[in-house]
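Reader: Could you walk me through this model, with the cut-offs spelled out as we go?

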Amino acid sequence: MSIQQTDVLYTAVATAENGRDGRVATDDGRLDVVVNPPKEMGGSGAGTNPEQLFAAGYSACFQGALGVVARRENADVSGSTVTAKVGIGKNEDGFGITVEISATIPNVDGATARDLLEKAHQVCPYSKATRGNITVTLV
(Lines give C-alpha, C1' and ligand atoms only; values in the text may rest on other atoms or scores of the structure.)
Protein backbone atom coordinates (compact mmCIF):
# COMPACT_ATOMS: atom_id res chain seq x y z
CA MET A 1 0.00 0.00 0.00
CA SER A 2 1.53 3.30 -1.05
CA ILE A 3 1.31 6.60 0.77
CA GLN A 4 0.12 9.88 -0.69
CA GLN A 5 2.50 12.80 -1.03
CA THR A 6 0.45 14.71 1.55
CA ASP A 7 1.16 11.92 4.09
CA VAL A 8 4.95 12.20 3.82
CA LEU A 9 6.42 13.13 7.21
CA TYR A 10 10.05 13.48 6.15
CA THR A 11 12.03 13.44 2.91
CA ALA A 12 15.74 12.61 2.84
CA VAL A 13 17.74 14.27 0.08
CA ALA A 14 21.11 13.00 -1.11
CA THR A 15 23.10 13.87 -4.20
CA ALA A 16 25.75 11.68 -5.84
CA GLU A 17 28.62 12.95 -7.95
CA ASN A 18 30.45 10.61 -10.31
CA GLY A 19 28.31 7.54 -9.50
CA ARG A 20 29.98 4.61 -7.77
CA ASP A 21 33.40 6.27 -7.90
CA GLY A 22 32.84 9.71 -6.44
CA ARG A 23 30.99 11.28 -3.56
CA VAL A 24 27.52 11.29 -2.03
CA ALA A 25 26.19 13.88 0.39
CA THR A 26 22.93 14.82 2.04
CA ASP A 27 21.52 18.30 1.67
CA ASP A 28 21.96 18.98 5.40
CA GLY A 29 25.66 17.98 5.32
CA ARG A 30 25.29 15.28 7.99
CA LEU A 31 26.42 12.61 5.54
CA ASP A 32 29.21 13.38 3.10
CA VAL A 33 31.24 10.37 2.00
CA VAL A 34 33.55 9.23 -0.73
CA VAL A 35 32.18 6.23 -2.59
CA ASN A 36 34.29 3.73 -4.47
CA PRO A 37 33.59 0.29 -5.85
CA PRO A 38 34.81 -2.48 -3.55
CA LYS A 39 38.00 -4.33 -4.49
CA GLU A 40 35.87 -7.40 -5.28
CA MET A 41 34.29 -5.40 -8.11
CA GLY A 42 37.56 -3.98 -9.44
CA GLY A 43 37.53 -0.76 -7.44
CA SER A 44 39.94 0.74 -4.97
CA GLY A 45 37.72 0.00 -1.96
CA ALA A 46 39.05 3.23 -0.46
CA GLY A 47 35.62 4.67 0.32
CA THR A 48 32.27 3.26 1.23
CA ASN A 49 29.91 1.90 -1.42
CA PRO A 50 26.17 2.01 -2.13
CA GLU A 51 25.66 -1.52 -0.79
CA GLN A 52 27.16 -0.57 2.58
CA LEU A 53 24.96 2.51 2.72
CA PHE A 54 21.88 0.43 1.89
CA ALA A 55 22.85 -2.18 4.51
CA ALA A 56 23.23 0.56 7.13
CA GLY A 57 19.85 2.09 6.32
CA TYR A 58 18.05 -1.25 6.10
CA SER A 59 19.45 -2.55 9.39
CA ALA A 60 18.51 0.66 11.22
CA CYS A 61 15.01 0.67 9.74
CA PHE A 62 14.50 -3.03 10.52
CA GLN A 63 15.68 -2.48 14.11
CA GLY A 64 13.03 0.22 14.43
CA ALA A 65 10.37 -2.12 13.04
CA LEU A 66 11.50 -4.80 15.48
CA GLY A 67 10.91 -2.34 18.32
CA VAL A 68 7.41 -1.54 17.05
CA VAL A 69 6.52 -5.23 16.85
CA ALA A 70 8.06 -5.97 20.24
CA ARG A 71 5.94 -3.29 21.90
CA ARG A 72 2.80 -4.78 20.33
CA GLU A 73 3.81 -8.28 21.48
CA ASN A 74 5.06 -7.19 24.92
CA ALA A 75 8.47 -8.68 24.12
CA ASP A 76 11.77 -7.41 25.49
CA VAL A 77 14.14 -6.57 22.63
CA SER A 78 16.48 -4.41 24.70
CA GLY A 79 20.10 -5.12 23.85
CA SER A 80 19.14 -6.51 20.44
CA THR A 81 21.07 -5.90 17.24
CA VAL A 82 20.09 -6.24 13.60
CA THR A 83 22.60 -6.94 10.83
CA ALA A 84 21.87 -6.53 7.14
CA LYS A 85 24.19 -8.14 4.60
CA VAL A 86 23.70 -6.71 1.12
CA GLY A 87 25.20 -8.64 -1.77
CA ILE A 88 25.53 -7.48 -5.35
CA GLY A 89 26.09 -9.66 -8.37
CA LYS A 90 25.34 -10.12 -12.02
CA ASN A 91 21.91 -11.23 -13.12
CA GLU A 92 20.15 -11.66 -16.46
CA ASP A 93 19.80 -7.92 -17.10
CA GLY A 94 22.88 -6.42 -15.46
CA PHE A 95 23.23 -6.47 -11.69
CA GLY A 96 20.96 -7.22 -8.78
CA ILE A 97 21.16 -7.30 -5.00
CA THR A 98 20.25 -9.71 -2.25
CA VAL A 99 19.76 -9.01 1.44
CA GLU A 100 20.21 -11.22 4.47
CA ILE A 101 18.79 -9.92 7.75
CA SER A 102 19.83 -11.41 11.07
CA ALA A 103 19.16 -10.32 14.61
CA THR A 104 20.46 -11.07 18.05
CA ILE A 105 17.68 -10.72 20.60
CA PRO A 106 19.10 -11.84 23.96
CA ASN A 107 15.95 -11.60 26.09
CA VAL A 108 13.66 -13.93 24.11
CA ASP A 109 13.79 -17.59 23.10
CA GLY A 110 14.56 -18.68 19.55
CA ALA A 111 10.94 -19.25 18.48
CA THR A 112 9.90 -15.83 19.76
CA ALA A 113 12.88 -14.19 18.07
CA ARG A 114 11.94 -15.80 14.75
CA ASP A 115 8.31 -14.69 15.13
CA LEU A 116 9.40 -11.12 15.90
CA LEU A 117 11.69 -11.09 12.84
CA GLU A 118 8.90 -12.30 10.56
CA LYS A 119 6.51 -9.66 11.92
CA ALA A 120 9.13 -6.90 11.68
CA HIS A 121 9.71 -7.89 8.05
CA GLN A 122 6.02 -7.24 7.38
CA VAL A 123 6.06 -3.70 8.85
CA CYS A 124 9.57 -2.45 7.99
CA PRO A 125 9.34 0.22 5.24
CA TYR A 126 12.54 -1.06 3.59
CA SER A 127 11.12 -4.60 3.52
CA LYS A 128 7.90 -3.28 2.01
CA ALA A 129 9.81 -1.30 -0.61
CA THR A 130 11.93 -4.25 -1.69
CA ARG A 131 9.27 -7.00 -1.47
CA GLY A 132 8.96 -8.74 -4.81
CA ASN A 133 11.98 -6.92 -6.20
CA ILE A 134 14.94 -8.54 -4.45
CA THR A 135 15.54 -11.64 -2.39
CA VAL A 136 15.48 -10.89 1.35
CA THR A 137 16.31 -13.78 3.65
CA LEU A 138 15.73 -13.74 7.40
CA VAL A 139 18.27 -15.79 9.37
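Author: Gladly, and let's start with rings: rings of Phe, Tyr and Trp (its six-membered ring) pair if their centres lie within 6.5 Å, and planes under 30 degrees apart count as stacked, over 60 as edge-to-face and the rest as tilted. The model is predicted, so local features need pLDDT of at least 70, side-chain atom pairs count only at pLDDT 80 or more, and totals for chains, interfaces and linings use all residues. Residues are numbered from 1 along each chain as its sequence is written, and side-chain values use heavy atoms, with hydrogens and water left out.

Reader: Thanks! How many aromatic pairs does the rule count?

Author: Ring pairs link Phe-54, Tyr-58, Phe-62 and Tyr-126 into a cluster. Under this rule, the number of aromatic pairs is four.

Reader: Which class does the pair of Phe-54 and Tyr-58 fall in?

Author: Both residues lie in helix α1 (residues 50-73), four residues apart, about one turn of the helix. Helices here are DSSP runs (H or I, at least four residues), as are strands (E, at least two), numbered from the N terminus. The ring centres of Phe-54 and Tyr-58 are 5.7 Å apart with 65° between the planes, making the pair edge-to-face.

Reader: Is Tyr-58 buried or exposed?

Author: Buried means under 20% relative accessible area, exposed over 50%, partly exposed in between (1.4 Å probe, protein chains only). Phe-54 has 23%, so it is partly exposed. Tyr-58 has 0%, so the word for Tyr-58 is buried.

Reader: And which residues does His-121 contact, leaving aside neighbours within four places in sequence?

Author: His-121 lies in helix α2 (residues 110-123) and, at 12% relative accessibility, counts as buried. Contact means heavy atoms within 4.5 Å. With those neighbours set aside, the contacts of His-121 are Tyr-58, Phe-62, Ser-127, Arg-131, Val-136 and Leu-138.

Reader: Which element supplies the largest share of the lining of the largest pocket?

Author: On a 1 Å grid over the protein atoms alone, a pocket is an open set of points with protein on both sides within 12 Å along at least five of seven lines, where a 1.4 Å probe fits; lining residues have an atom within 4 Å of a point. The lining includes Val-24, Thr-26, Leu-53, Phe-54, Pro-125 and Tyr-126. β2, α1 and α3 (125-130) each supply at least two lining residues. The largest share, four residues, comes from α1.

Reader: What is the strand order in the open sheet with antiparallel pairing?

Author: Two strands pair if DSSP finds at least two bridges between them. Four bridges join β1 to β2 (residues 22-26), and Glu-17 has Arg-23 in β2 as its bridge partner. This open sheet of three strands has the order β1-β2-β3, with β1 (14-17) and β3 (32-35) as its edge strands.

Reader: In the sheet with mixed pairing, which are the edge strands?

Author: That open sheet of three strands has the order β4-β5-β6. β4 and β5 (residues 94-104) pair in the antiparallel sense over eleven bridges, with Val-86 opposite Val-99 in β5. The strands that pair on one side only are β4 (81-91) and β6 (135-138).

Reader: Last one: at what angle does α1 run to β4?

Author: Axes are lines fitted to C-alpha atoms, for helices over the stretch in contact, and angles run from 0 to 180 degrees between N-to-C directions. α2 lies across β5 and β6, at about 155° to β6. α1 lies across β4, β5 and β6, and its angle to β4 is about 140°.
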